[in-house]
Amino acid sequence: MIQKLYPGGKQKAFNVTYDDGVLQDIRFVELLNKYNLKGTFNLNSGLLENEFEWTHQSGRVVKRLSKEKAVSLYEGHEIACHTLTHPYMDDLSESEILHELQKDKANLEKLFKREIKGFAVPFDYYSELIESCVKQSGFSYARISEESHSFIPQTDYYKWKATVFHTDSEPENLTQQFLETNENLDVFQIAGHSYDLDIENLWDRVENVFVQISSQKNIVPLTTIEIVEYLQAMEKAEITEKYIKNNSNISLWFSVCGKAYEIMPMQRLFF
Ligand SMILES: [Zn+2]
């Protein structure tokens, strides 16, 4: 009788989370905007400074965006930390990890003039020490470099897994499965680097996924932090036989006997 919904009374959510802040993000963000989708962009503020570039193993030179371009490009999307200089974190001491996190957060907050709440791990090393530093530094979640291959919402916000990396051969299959799933609060999240779309010639495949997702009325595009904060608010909701109480400071959506209701912050819905 009672079902949990996403904002706008939508059943499912979609997000992309992309790392490194590179030139190919210009084309990628244009695609997101064309289909009214939302991205989370994980940036290394220390490498935006001089448009740092490096040679990918494919031989292509990959270049970072300038600060000015980044500020205008990512308007309407989430900015998250990805450390100051993209180090191998297994080599770092606690104080060095804290510096990489906190300096990046402070730089990005100053540059983008907003609070930065998310963190995505560089490379694929994650540990209890890094998790503890992420929490100490005031982040709300840490996206790690593992795939869930699942649409069930993540429950450990400091070991958050995207559904799939775009270089995986499964995005199209998973998209099809996601369109067919009927579970409330399911989430489909694709992770990657936009330079891979050039290197592996994946632009058409990604656009196809966007076309299919955006054509569905029961899917809402959200950033990672919007999903995390919504799920946390849902956890606090009080559901009884007579009412639902929203104990958070954001609106929550429920379906009661097939009808969608928005419950305002700290309000009750009686039925
Ligand atoms: Zn990275």
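Which residue in β3 does aspartate 19 stand opposite? The legends below describe a predicted model, and the answer is asparagine 42.

**View 1**

**View 2. The pairing partners of β2.** Strand β11 (residues 186-192) runs parallel to β2 and is joined to it by 7 bridges. Within this pair, threonine 17 has alanine 191 as its bridge partner. β2 also pairs in the parallel sense with strand β12 (residues 219-221), over 3 bridges; here alanine 13 stands opposite valine 220. Strand β3 (residues 39-43) is parallel to β2 as well, with 4 bridges between them. Together with helix α1 (residues 25-34), β2 and β3 make a right-handed β-α-β unit.

**View 3. Helix α5 and its surroundings.** Ile130, Cys133 and Val134 are the buried residues of helix α5 (residues 128-136). Seen down the axis of α5, they fall within an arc of 100°, so they line one face of the helix. Their cover includes α4 (94-112), β7 (118-120) and β8 (141-147). Just after α5, glycine 138 takes a positive phi of about 85°.

**View 4. An open sheet of 3 strands.** The strand order is β13-β14-β17, with antiparallel pairing. β13 (238-239) and β17 (268-270) are the edge strands, each pairing on one side only. Strand β14 (residues 243-245) is linked to β17 by 3 bridges, and lysine 245 has arginine 268 of β17 as its bridge partner.

Notes: Residues numbered from 1 in each chain as written. Predicted model: local features only at pLDDT ≥ 70, side-chain atom pairs only at ≥ 80, totals over all residues. Buried ≥ 20, exposed ≤ 12 C-beta atoms within 10 Å, placed from the backbone. Helix = DSSP H or I, 4+ residues; strand = E, 2+ residues; numbered from the N terminus. Arc of directions from axis to C-beta. Contact = placed C-beta atoms within 7 Å. Pairing = 2+ DSSP bridges. Right-handed = clockwise from strand over helix to strand, strands pointing away.
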